[in-house]
Amino acid sequence: MAQSQPRLRALMDEGVTTVEIKSGYGLALEHERKCLGVARCLGELNPVDVRTTFLGAHALPPEFAGRADDYIGEVLDMLPALHAQGLVDAVDAFCERIAFSTVQTARVFEAAAALGLPVKLHAEQLSDSGGAALAARYGALSCDHLEWLSAEGAAAMARSGTVAVLLPGAFYFLRETRLPPVALLREQQVAMAISTDCNPGSSPCTSLLLMLNMACTLFRMTPQEALAGVTRVAAQALGLQDRGVLAVGKRADFVLWDVERPAQLAYAFGANPRRQTVFKGKPS
């Protein structure tokens, strides 16, 4: 909690009103429960809505070396216990050659579906592993990274309405050279969200405004696409239909910015023109 509060505060200082927090750094029931419990508490103690995602299938613990199927069995045991405690809003997995196969990921997705939980996926970050198409078959809310996304994977995401979550911070920090196929996503009309992907291994960043700039400079997205990616489409990626746009009947989460036009939010990196945040209709 002490470590997470400053990171959350930094996000909130740039106007964030809804944040997704994923587990996946404990890889055992006790530690995954702790991470998700802290996430819930952060949402209760701050004027921000926290959505929790169980990412037990994130990496293979050393004690399970060479026994990935056995570890997936452990993940399947963790999920119902954590869900019963009200700690899980969605389920994620890392489908990649250094993590878990499509068959192993499908086992996790089946367990999530049995509990009525939506799924997401780390997909096609380092190779075309067929993860996006798998996620689409399960009606995934979103797929993250996607640098190696194929035309077939993009078409499958389009059919299922799965959001592409692009992560310029991880792309930059890992010095990746393969760009996500933004033109393909546009062509297939796959909605594109933008996130910080704040994590200690590949994107130690808490600036969503910087991600707006990087989405435009590194990924060649338009300022309008980037802004939609952190508002309307970001809400879609979390399965939230009550926010993300300024409209009658939607939740009054919005930010007052000292800018002349919206595109300026993606222009000056290192600047923060936020004047005020309104969360659930109340200034915060």
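Guide: A residue counts as buried when its relative accessible area is under 20%, and as partly exposed between that value and 50%. The model shown here is predicted.

Visitor: Is R243 buried or exposed?

Guide: The cut-off for a buried residue is a relative accessible area under 20%. R243 has a relative accessibility of 10%, so R243 counts as buried.

Visitor: How far apart are the closest N and O atoms of D242 and R243?

Guide: Side chains of opposite charge can pair when their charged atoms come close. D242 is partly exposed, with a relative accessible area of 31%. D242 forms a salt bridge with R243, and their closest N and O atoms lie apart by 2.8 Å.

Visitor: How many salt bridges does a search of the whole structure find?

Guide: One of the salt bridges is formed by the side chains of K22 and D92. The search covers the whole structure, and the number it finds is 14.

Visitor: How many residues apart in sequence are the parts that K22 and D92 tie together?

Guide: The side chains of K22 and D92 meet in a salt bridge at 2.6 Å, N to O. K22 is partly exposed, with a relative accessible area of 25%, whereas D92 is buried at 0%. K22 lies in strand β1 (residues 18-22) and D92 in strand β3 (residues 90-95), so the pair links parts whose separation in sequence is 70 residues.

Visitor: Where does D89, the salt-bridge partner of R51, lie?

Guide: The side chains of R51 and D89 form a salt bridge at 3.9 Å, N to O. R51 counts as partly exposed, at 24% relative accessibility. R51 is part of strand β2 (residues 49-57), whereas D89 lies in the loop between α3 and β3.

Visitor: At roughly what angle do the axes of α2 and α3 cross?

Guide: Two packed helices are described by the angle between their axes and the distance between the axes. Helix α2 covers residues 29-45 and helix α3 residues 68-84, and their axes come within 10 Å. The crossing is right-handed, and its angle is roughly 35 degrees.

Visitor: Why is α3 described as roughly parallel to α4?

Guide: Angles under 35 degrees count as roughly parallel. The axes of α3 and helix α4 (residues 102-114) come within 10 Å and cross at roughly 15 degrees. That angle makes the two helices, α3 and α4, roughly parallel.

Visitor: How many residues of helix α9 are buried?

Guide: Among the buried residues of α9 are L208, M211 and C216. The elements that cover the buried residues include α7, β7, α10 and β8. Helix α9 (residues 208-217) is mostly covered, and of its 10 residues the number buried is 8.

Note on methods. Residues numbered from 1 in each chain as written. Predicted model: local features only at pLDDT ≥ 70, side-chain atom pairs only at ≥ 80, totals over all residues. Heavy atoms only, no water. Axes fitted to C-alpha atoms, helices over the stretch in contact; angles between N-to-C directions. Helix = DSSP H or I, 4+ residues; strand = E, 2+ residues; numbered from the N terminus. Left-handed = near helix turned anticlockwise from the far one by under 90°. Salt bridge = Lys/Arg side-chain N within 4 Å of Asp/Glu carboxyl O. Buried < 20%, exposed > 50% of the residue type's maximum accessible area, 1.4 Å probe, protein only. Contact = heavy atoms within 4.5 Å. Parallel < 35°, antiparallel > 145°, perpendicular 65-115°, else oblique.
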